[in-house]
Structures are given as structure tokens and as C-alpha cells.
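Here is a short note to read alongside the model. Keep the structure open as you go through the points.

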Amino acid sequence: MKPVQHEFEDAKDLLHESFGNSVLRHLIYSVGKDTSHAVERDWCVALSMAIRDRMVEGWIDTTRQIYEKKQKRVYYLSMEFMIGRMLEDSLTNLGHLQEARTFIEAQGLNFHDVLHAEQDAALGNGGLGRLAACFMDSMSTTGVAGMGYGIRYQHGIFRQNMENGWQMEEPEDWLVQGNAWEFRRPEVVYDINYGGFVETSDDGKAEWKPSERVQAIAFDMPIAGWKGAHVNTLRLWSARQADLMNLKKFNEGDFMASAHQQILAETLSKVLYPGDHTPEGRELRLKQEYFFTAASLQDLIRRFFTNYDSLDNLGDHVAVQLNDTHPAIAVPELIRTLMDDYDYSFERAFEITRKTLHYTNHTLLPEALEKWPKGLFEHILPRHLQIINMIDGAFYQEALKVGLEHNVIANIQVIHPHQQDWVRMGNLAFIGSRKVNGVSALHTELMKQTVFHDLHTMFPDKIINQTNGVTPRRWVLECNPGLSDLVTEKIGEDWIDDLEQLKKLEEFAEDAKFQKRYMDIKSDNKKRLAEFLEARIGITVNPDAMFDIQIKRIHEYKRQLMNILEAVALYNEMKANPSAPWQPRVKIFAGKAAPSYFLAKVIIKLISDVAEVVNNDPEIGDKLKVIFLPNYNVSAAEVLIPGADLSEQISTAGFEASGTGNMKFALNGALTVGTLDGANVEMQEHLGEDNIFIFGMKADAVAERQHRRARPSEVIKDSQRLQQIIGQLESGFFSDGDTGRYRDILDNIKNHDYFQVVPDFEDYWATQRHIDEVYQKPSEWAKMAILNTARMGWFSSDRTIRGYAKDIWKTPTI
Ligand code: D6G
């Protein structure tokens with residue numbers, strides 16, 4: 001028999017057919033159609049499979065090399081991977097985009113339509129999930145032996161439809177037409193247990209006797225980095241019933257009973273973020289978290305044993321990164337595995353765990369730091385609860401030794417000893433990890449001062465910062481081909497994986513010819529966006545107006561509310577002074593509200609209501625348009641971001657951990673109006689104060705007002721604009737006379753205003769009017785936009801990943 005290596009080399013020879021022939025071969029033999037019957041979707045699949053073949057070469061090479069070199073492995077555990085469409089990304093990274101275009105066009109097809117026949121993999125909710133996807137791209141590009149682990153949700157995040165201005169949630173059926181990128185690995189399957197009780201034998205050894213069992217089965221997707229040399233794996237788990245269906249019940253005619261187990265098991269990988277306002281929803285969520293974490297740990301331990309024979313030094317060879325608290329159950333799960341399956345003492349197991357796991361915190365919002373009712377935990381994961389108590393016991397002693405007081409320790413233990421109702425996952429993740437990182441300089445600093453203050457005192461070296469980044473492949477090269485071509489023409493193509501090269505564009509910032517070409521590209525992107533809006537929602541916008549865009553999850557702290565109130569104020573002033581030389585604007589909003597977040601849904605409704613009035617006012621015409629674009633996702637972002645003039649990053653200072661949309665916009669030459677929050681702070685440092693529009697209170701002023709519960713009425717009484725707007729919302733001006741529709745919003749801004757919309761409003765308004773003035777000086781605007789592109793290079797996720805590799809994972813990069 002030939003050695004495996006040679007068989008593989010022979011297989012590679014087979015692929016030396018032309019790319020076009022590969023596509024045709026797949027169209028015929030994989031899809032089963034000939035060219036006269038194939039529809040766009042068939043071509044999309046054939047194209048995907050042809051490029052996938054070429055990725056597989058690198059994939060197998062990479063896998064083999066990592067095993068041979070025993071390269072340290074990085075496992076990125078994330079509840080979300082918002083990867084979007086894969087075809088264009090893969091064609092680009094492997095250098096086959098032009099060839100594919102030429103071939104597809106030669107068949108008389110529209111290349112764009114073929115690429116877009118692929119469904120978005122909407123396996124994420126917002127920035128956290130998109131960050132995980134950018135990191136996968138950058139880990140491959142920088143040669144980290146990285147594997148992503150998550151859940152293969154059948155429906156992902158919901159599809160947002162609008163009904164009369166209200167958000168409606170519908171299931172997203174992204175898998176219905178198959179997924180050309182995934183490889184089912186039926187041999188990679190693990191049992192995942194729940195419930196039952198723990199039995200302790202005479203020698204003190206605990207044995208978990210679970211009452212429920214499901215199986216996790218692996219689906220792998222290859223993730224190629226730039227130029228395709230290094231290809232990592234995204235392994236997503238799908239749930240299935242552990243035991244075969246109950247044939248007896250089935251034959252007795254009780255079909256429902258026979259299907260019961262199957263339905264319950266498969267529920268685990270049905271949807272991302274099931275509503276958690278019911279006990280059943282909360283239980284499902286905790287079960288999902290344990291499901292993918294436990295499967296991933298079993299898988300990485302199995303792989304570890306192919307290279308090593310003892311888990312003693314696990315942390316030297318493996319780094320696990322917990323993306324937020326969702327996989328924090330990894331702490332007791334790894335300890336449990338080491339103790340119960342490999343006979344380690346608790347102390348040793350805890351020590352090994354703390355050398356292997358690392359935790360990224362993504363929010364300071366207390367309600368977003370997960371906690372689970374202790375009763376629920378006991379019911380689903382009784383052995384883990386025992387281990388958490390052991391962790392708390394050991395941690396208590398540790399904390400006493402460094403001189404912390406009992407009541408301080410109580411606040412930072414996983415379970416508060418006197419208020420035993422909650423298992424606090426943030427504390428668990430912190431205590432069980434080797435390093436904890438924040439995602440921007442400001443956020444990391446605030447973490448030290450607020451949520452993790454006492455834990456930081458105890459472990460002063462544990463918290464470090466790794467400011468987020470975005471992949472320039474998807475977020476410039478693919479989404480903005482015009483700009484990419486111009487940049488490459490001027491400075492060569494090294495910027496694609498060395499983004500700081502963009503600095504070289506600075507010298508063209510005031511060059512009139514370059515400015516014109518740069519702004520012509522922006523204008524083409526705006527036309528493309530205008531066509532997209534027309535096709536999606538039937539609203540015609542003037543591409544010469546300023547495109548002012550806020551796209552992100554709808555949340556009070558992100559302050560879409562402040563933005564729409566500013567739109568109302570602008571509308572009012574335009575009505576009052578119709579002949580003034582107003583700068584025409586198109587204000588675009590997009591984003592989903594969590595299904596049980598009522599106030600966020602009312603904000604969407606308010607945006608739609610204002611749009612209805614403003615867009616149909618003949619006196620306003622093209623001076624102002626307000627748009628809510630439904631079902632925001634990665635593919636929509638790829639059209640919106642390159643077409644933006646102004647990027648809205650206006651969160652209440654101290655609340656947005658980093659943001660990554662802010663980076664994508666600036667890189668593509670939109671100017672930012674923003675607060676000194678999250679990564680905006682570092683963007684200002686890199687861009688220079690003159691190239692970003694900063695307004696509003698800083699984090700300390702916000703905290704001070706919140707602390708003393710400052711009343712919004714003190715500010716409202718001095719703001720004519722706010723008074724007028726409040727009057728309009730109260731009188732039903734935007735709601736067909738319905739005076740109660742915005743009751744919650746009004747109560748909020750008049751009485752509490754925790755997110756400080758009111759005190760920041762006038763400064764925001766004034767900054768917006770200043771922006772209007774600057775926009776009317778095209779050369780000044782162009783210069784600023786060019787400097788944004790030139791100075792955003794530091795915000796590449798390649799830089800972020802190199803930082804994680806060096807400071808956290810201790811693993812080499814290329
Ligand atoms: C990926 C790539 C494939 C490889 C497999 C190995 O699916 O080429 O064979 O991973 O998986 P482990 O055996 O390392 O889990």
C-alpha cells in the first residue's frame with residue numbers, strides 16, 4: 001500500500017484541471033445538472049465545491065503539519081460565529097475571484113447573482129459573533145493553529161420582517177438548500193449528559209449518574225486565510241438523540257411519544273438565543289452552552305492524546321479562549337473531566353484548568369454578565385455545582401491569604417455565600433482562567449475599576465487588553481473592490497495582510513486628483529447602496545445626499561433613540577426654515593432587537609413612524625429621508641458600509657466595550673460621529689482629533705450623573721428642541737394620534753434616562769450641524785476620509801490575533 005502522503009499528492013494532480021473544468025465537473029457530478037438546466041443556485045454550489053476542493057488541499061496540509069510539528073493549539077469557543085456568505089471570501093483568499101468571474105460570465109450569467117445565491121450563515125447576533133468570524137480569518141492568515149468551536153444552529157438568529165413598522169421574528173432557514181462548505185464528520189460524536197444525581201463511593205470518588213443524554217455530532221468548515229496556505233477548521237456541533245427512536249412505541253401507533261426524545265434532543269441546536277424570559281427558555285440556553293462546551297472539550301482532549309500521553313501539561317500545548325461567559329461552564333467541566341475521568345485531585349485539576357482557559361469579557365452591563373438560578377444548575381448539572389462549590393472553597397482560602405475581607409470575597413465568589421440564589425458566570429470565568437482580556441483600552445480599564453475591581457486587586461496581572469479588529473479581506477478587499485483597486489494601484493497589495501501599509505496613502509490626502517478618484521469610488525458605492533435600498537424596500541434616495549448610517553443591534557445604550565430624536569429635530573427645523581440651505585441627508589438604520597426587549601422594539605417602531613411622516617412630506621423632499629432597513633446581516637453590511645459618508649457610533653460612554661462596525665466604516669472612508677467610548681477612543685488617537693467628530697459626556701461624567709440619579713428634567717427645561725419633540729411624541733404626531741404608543745420611551749427620557757440621551761442631545765445636535773458644514777467643503781471632507789482609510793491599519797484583526805498569540809496563547813504566528 002502506498003503511504004498516505006503519496007495518495008494525497010496523486011489526488012492533488014487530479015485537481016490540476018482548469019478551474020472552469022472543476023466547476024463544470026461539480027455542476028454535473030455533484031449537483032447533477034447540465035448547463036442547460038442549471039439555475040443560479042446550482043452554479044453557486046458548483047463554484048463553491050470547485051473552490052472548496054482547492055481549499056481542502058491546504059486544509060489537509062495544514063492539519064498534517066500541525067500534528068507533525070505539535071504546534072500549540074488554540075481553541076476559540078464561541079456561542080456565535082457570524083460568518084455570512086463564504087463563496088466570495090474563499091474565492092478571494094485563494095486568488096480565484098477573477099477566474100471565477102470570467103468563467104461564470106462566459107456562461108451568460110451574472111456573477112454577482114451567482115455569488116448571492118448563497119444564504120448568509122446567520123449564526124450570530126452582533127459584534128461578538130462577527131468578531132469570532134474575523135478572528136477565524138485572521139488566525140488562518142497569521143498561521144495560528146486555531147480551531148473554532150460553536151453550534152450548528154438549524155435556524156441561527158431570527159429573520160427580521162417588518163409588519164406595519166413593528167419587528168416580527170421569523171425562523172431563518174439557512175440550511176434548507178444545504179451548505180456546500182460543511183463536511184459532516186459522523187465519526188466525531190460525543191455523549192453529552194444532563195440531570196440525575198451524584199453518587200459518592202466510600203473512597204470519596206464522585207460519580208455523576210445523569211438522567212438524560214444527547215449526542216453532539218461534528219460538522220467541519222475549512223477556513224482559509226489570505227492566499228490560502230494555512231486553512232483552519234470551524235467545527236460546529238449539531239445535536240441528535242443518543243438512543244435510536246422508540247420503535248415499540250412507534251409500532252404501537254404512539255408516533256408522538258416515539259418522536260419525543262428526538263425533538264427534545266434536536267432542540268439544542270435549533271436556534272441561537274431562544275427567548276429566555278421563560279424557565280424553559282433559560283433551561284434550554286444553559287443546556288446549549290454546556291452542549292457545545294462539553295463536546296469541544298472532549299474533542300480537544302481526544303486530539304491532545306494523539307500527541308501526548310498525560311494531561312499534566314495541557315496548558316503548555318493547548319490554549320482555550322472563552323468568547324464571553326457563554327462557554328464559562330468549561331471551568332467546572334474541565335475540572336470534572338480531569339477528576340472523574342483521569343483521577344486528578346481537585347487541586348491539580350483546578351491548577352491545570354487555570355493554565356489552559358482564557359476568558360474574553362465583552363460587556364460591563366451587569367445584566368449581560370450571565371448568572372443562572374442555582375436550582376436550575378443543580379437540576380441540569382449537579383456534578384458541576386459540586387465542583388463550583390469546591391472552586392469557591394479553594395478560592396476563599398486564596399483570597400484570605402492575600403488579605404481580602406470576608407464580605408469582599410463573598411461578592412466575588414461564584415456563588416455568594418449568603419445569597420445562594422445565583423451562579424455567577426463572570427466570576428467563574430475570571431477565577432478559572434489564566435488571562436482575562438477586555439476588547440478596547442477603555443473597556444479594559446473600566447473592567448479593572450468596576451465589574452472585576454476586587455478580582456483585579458487579587459490577580460493584578462490577569463486582566464490584559466486586546467483591542468478588537470476587523471479582517472481587511474472581507475471588510476475592504478471584498479466589500480469595496482473600487483477602493484481596493486485604487487489602494488493597490490498606489491501602494492501595491494501588501495496592505496491586504498499588513499494593513500498598516502495603508503499609512504502610505506497619507507501623502508495623497510491633499511492631492512486633488514487622488515481625492516477625486518477616492519470620492520468617485522465613494523459615490524459609486526453610494527449608488528450601489530441606493531439601488532440596494534430601492535430593491536429591498538422600494539424607497540428612492542438621492543445618492544448625492546449625505547448617507548448617515550447606524551447599523552447594529554438595537555439597544556438603549558447604543559442610543560438609536562438619540563439618533564432618531566435628532567432626525568425629528570432636524571425635520572422640525574427644516575419645516576420651520578424651509579428655504580435655508582440644508583445639507584440633504586439620508587439617515588439609515590438597521591439592526592435587530594432581542595425578541596423579548598420590548599423597548600428596543602418600540603424604538604424600531606418609532607424610527608419607522610418618523611420615516612413614514614418625513615419621507616412623505618412634500619415640503620421636505622430629498623432634504624431628509626429616514627430609512628429602517630429590515631433584517632440586517634453580514635451581507636447587508638457589506639453594501640451599507642462602503643456606501644456610508646457618516647458612521648454613527650454614539651453609545652453612552654462607558655457602555656460599548658469596543659465596537660467593530662466603527663472600524664469597518666472608518667476603514668472604508670466614512671467619518672465617525674461618536675462618543676469617547678469603546679474603541680472610538682483609540683480610533684481618535686490613531687486618526688487624530690481633526691479627523692473624527694467626538695461629542696458628549698465621557699465615561700466618568702456619565703457614571704457621575706448615573707450615580708447621583710441626575711434628573712433629565714433639569715436639562716429638558718433648557719432645550720426647546722427636546723420640548724418640542726417630547727410634545728410631538730405625546731400628542732401622537734408620529735403615531736396617527738395614538739398618544740400611548742411611546743409611553744415607555746417618554747417615561748424613560750423624562751424620568752430616568754439611564755443612558756443619558758437627554759444630556760448628550762444638544763451637543764450631538766450641534767456636532768451634526770458642524771458635520772453638515774464640513775460636508776459642504778468637498779475637498780476638506782475628502783482629505784479627512786482619505787486619512788481615515790490611511791490611519792485605520794492598526795485596527796486589522798490580524799494585529800489583534802498577533803496580540804492574543806503573543807500575550808495570551810503563547811503561540812507563534814507567521
Ligand atoms: C478537519 C480537516 C481534516 C482533518 C480533520 C482532523 O476536518 O482534513 O482530517 O480536521 O480532525 P481531528 O482528527 O484533528 O479532529
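**Notes on a pocket and a helix pair**

1. The lining of the second largest pocket divides into 14 nonpolar, 14 polar and 14 charged residues. Nonpolar means Ala, Val, Leu, Ile, Met, Phe, Trp, Tyr, Cys and Pro; charged means Asp, Glu, Lys and Arg; the others, Gly among them, are polar.

2. The model is predicted: local features need pLDDT of at least 70, side-chain atom pairs count only at pLDDT 80 or more, and totals for chains, interfaces and linings use all residues. Residues are numbered from 1 along each chain as its sequence is written, and side-chain values use heavy atoms, without hydrogens and water.

3. The second largest pocket is lined by 42 residues. Glu88, His112, Leu115, His116 and Arg528 lie nearest its centre. A pocket is an open set of points on a 1 Å grid over the protein atoms alone, where a 1.4 Å probe fits, with protein on both sides within 12 Å along at least five of seven lines; lining residues have an atom within 4 Å of a point.

4. Which helix gives the most to this lining? It is α22, with 5 residues. Helices are DSSP runs (H or I, at least four residues), numbered from the N terminus.

5. Now the helix pair. Helix α30 (residues 720-731) and helix α32 (residues 757-775) pack at about 115°, with axes 10 Å apart. Axes are lines fitted to C-alpha atoms over the stretch in contact, and angles run from 0 to 180 degrees between N-to-C directions. So α30 is roughly perpendicular to α32 (65 to 115 degrees).

6. Arg721, Leu722 and Ile725 of α30 meet Val758, Phe761, Glu762 and Trp765 of α32. Contact means heavy atoms within 4.5 Å. By class, this contact has 5 nonpolar, no polar and 2 charged residues.

Methods
Helices (H or I, at least four residues) and strands (E, at least two) are DSSP runs, numbered from the N terminus. Angles under 35 degrees count as roughly parallel, over 145 as roughly antiparallel, 65 to 115 as roughly perpendicular and the rest as oblique.
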